[in-house]
Amino acid sequence: MASYLAAIDQGTTSTRFIIFDRSGRIVASEQREHQQIYPKPGWVEHDAEEIWRRTQEVIAGALQQRALQPSDIAALGITNQRETTVVWDRKTGKPIYNAIVWQDTRVADAVAELARAGGQDRFRRQTGLPLSTYFSGLKISWLLENVPGAREKAEAGDVLFGNIDTFLVWQLTGGPNGGSHITDLTNASRTQLMNLQTLDWDPAILSEMGIPRAILPKIRSSSEAYGTATRSVLQGVEISGILGDQQAALVGQTCFQPGEAKNTYGTGCFLLMNVGERPVPSQHGLLTTVAYRFGKERPIYALEGSIAITGALVQWLRDNLGLIEKSSDIETLANSVTDNGGVYFVPAFSGLYAPYWKDSARGVIAGLTRYASKGHLARAVLEATAFQTREVLEAMEKDSGIALHSLRTDGGMVGNNLLMQFQANILNKPVVRPTIRETTALGAAYAAGLAVGFYKTTDDLRANWSIDYTWHPNIETAKREEMYGLWKKAVTRSFDWVD
């Protein structure tokens, strides 16, 4: 009997393949980065074919580490960067254009035009989402309007749309030779095309955005048998779990009860709270989204606060300013000073996401004096992540009516002890890091394992979760609120920079 589960974790900057044992421990892992393409200011693209190549490479590499065969893998889960949009030729498998990444802002004019006709929340009742450059729908429209021949091919049914999950499943299950064109509810709920009540594509929104239904994938649950891999070295392995990356982390953190929440610290920050079997409309700038659906069970919904730039700000400090050689060096640099020296950094590089949703905002560094040093700037970079998280958490507590007792964390930045302590300080709540930090891939593996009986119930998954470390707040209330007040003041300086 197969002893392991596997997950493809296709993220914004890299692709990983991780193999887990039954207890959720990592057995093997392989990772490859892919190119970030910036054709114009505000435009962000990926080469989807490169991502497919990297996926095949990491699968082969991880299996080779432990000399494993496909027969050792009970099931495969897939988790992915959400909203990133691929349209490809059904017959050849070739994308008609680079993938348009979730951070991309090229559809800002289309957002403004739709908002003029019905307000920023004109689709929120159906989709749980405000109008924003963030989501997939308008990215699809842009591709159909701007790539020569794309509209005609779409109307004829000759091209297919998918987020990265859909593209990879299609490739793995045969590609042009019968590949399965599907997505799950979590990814579909991020397109701004799916109705949260019907759990199907919304005809009125499709008409409004000019998107033919024929190019869209079939919507399935997050945990069921989708088909077997016929390509790559995973041939014969059942694909049975799909979750958008942030929902996957919620599952990996076993947040199965209403009120349980996690924050993932990656390229951006994504705070999700389980709100149960009914979608909760947000009155405070959050997103209402599908958290997961296991098989034929009722779907579970979440409130989400999305922050565009967190870990990416550390990368910017490294790559654009050259103040550090590698991302992990920021903690040492930030520790070279005792506080932020009055410096606040609002990283609105792609506008502001939750709770503001201001596409016209741009990045601001406030409070600079001759005293400020690169150490203060490094500390301000880390603190920006914690301040933004507090803004989102406050909105979440207001919408849900639930006061969070502690925050579960995961993602690449949770190894930064300075950041985690400051996060506890500014929230005035305990911050918890689990023993297994790769919760995004783990969540996808869990979903796949539930579908094939590798795990019987979610109680089996809860039994795997354990705490590595907890940070407790250790600053005075007056200092906390003073710093937060200055942060809020700095945020207002970023508003309406772009006319």
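Modeller: A crossing is right-handed if the near helix is turned clockwise from the far one by less than a right angle, and left-handed if anticlockwise. In this structure, α10 passes α12 in a right-handed crossing. Helices (H or I, at least four residues) and strands (E, at least two) are DSSP runs numbered from the N terminus. This is a predicted model: local features need pLDDT of at least 70 and side-chain atom pairs 80 or more, while totals for chains, interfaces and linings use all residues. Residues are numbered from 1 along each chain as its sequence is written, and side-chain values use heavy atoms, without hydrogens and water.

Biologist: At what angle do the axes of α10 and α12 cross, and within what distance do they come?

Modeller: Two packed helices are described by the angle between their axes and the distance between the axes. Axes are lines fitted to C-alpha atoms (for helices, over the stretch in contact), with angles from 0 to 180 degrees between N-to-C directions. Helix α10, residues 311–319, and helix α12, residues 374–400, have axes that come within 8 Å and cross at roughly 160 degrees. That makes the two helices roughly antiparallel (over 145 degrees; under 35 is roughly parallel, 65 to 115 roughly perpendicular, the rest oblique).

Biologist: Which residues of α10 meet which residues of α12?

Modeller: Contact means heavy atoms within 4.5 Å. From α10 come Leu313, Val314 and Leu317. They meet Leu377, Ala378, Val381, Leu382 and Ala384 in α12.

Biologist: Now the sheet: what is the order of its strands?

Modeller: Two strands pair if DSSP finds at least two bridges between them. Here 7 strands form an open sheet with mixed pairing, in the order β17-β18-β16-β15-β21-β22-β23. At the edges stand β17 (287–292) and β23 (467–471); each has a single partner strand, so one side of each is left without a neighbour in the sheet. From one strand to the next, the twist averages 30 degrees.

Biologist: In which sense do β21 and β22 pair, and over how many bridges?

Modeller: Strand β21 (residues 407–410) pairs with strand β22 (residues 431–434) in the parallel sense, over 2 bridges. Leu407, for example, has Val431 in β22 as its bridge partner. Helix α13, residues 417–427, lies across β15 (261–265), β21, β22 and β23. The helix runs at about 145 degrees to β22.

Biologist: How many residues of helix α9 are buried?

Modeller: Buried means under 20% relative accessible area, exposed over 50%, partly exposed in between (1.4 Å probe, protein chains only). In α9 (residues 245–252), 8 of the 8 residues are buried, so the helix is largely enclosed by the rest of the structure. Among them are Asp245, Gln246, Gln247 and Gly252. The helix is followed by Thr254, which has a positive phi near 55 degrees.

Biologist: Is Gln126 buried or exposed?

Modeller: Gln126 counts as buried, at 12% relative accessibility. Its place is in helix α3, residues 124–127. Leaving out residues up to four places away in sequence, Gln126 touches Met194, Asn195, Leu196, Asp202 and Ile205. Lys40 is partly exposed, with a relative accessible area of 46%, and sits in the loop between β3 (26–33) and β4 (45–46). Lys40 is 439 residues from Lys479 in sequence, and their C-alpha atoms are 41 Å apart in space.

Biologist: How many disulfides does the structure hold?

Modeller: A disulfide is a pair of cysteine sulfur atoms within 2.5 Å, and the structure holds 0. For Cys255, the closest cysteine sulfur is in Cys269, 15 Å away and too far for a bond. Cys255 is buried, with a relative accessible area of 0%. Cys269 is also buried, at 0%.

Biologist: Where in the backbone does Glu83 lie, and what is its phi?

Modeller: Glu83 is not a glycine, yet it has a positive phi of about 70 degrees. It lies in the loop between β5 (73–80) and β6 (86–89) and is buried, with a relative accessible area of 2%. Asp496 likewise has a positive phi, near 55 degrees, but lies in the segment after α16 (477–493) and is exposed at 51%.

Biologist: What is the peptide bond from Ala354 to Pro355?

Modeller: That bond is cis, with omega near -5 degrees. Pro355 lies in the loop between β19 (344–346) and β20 (364–366).
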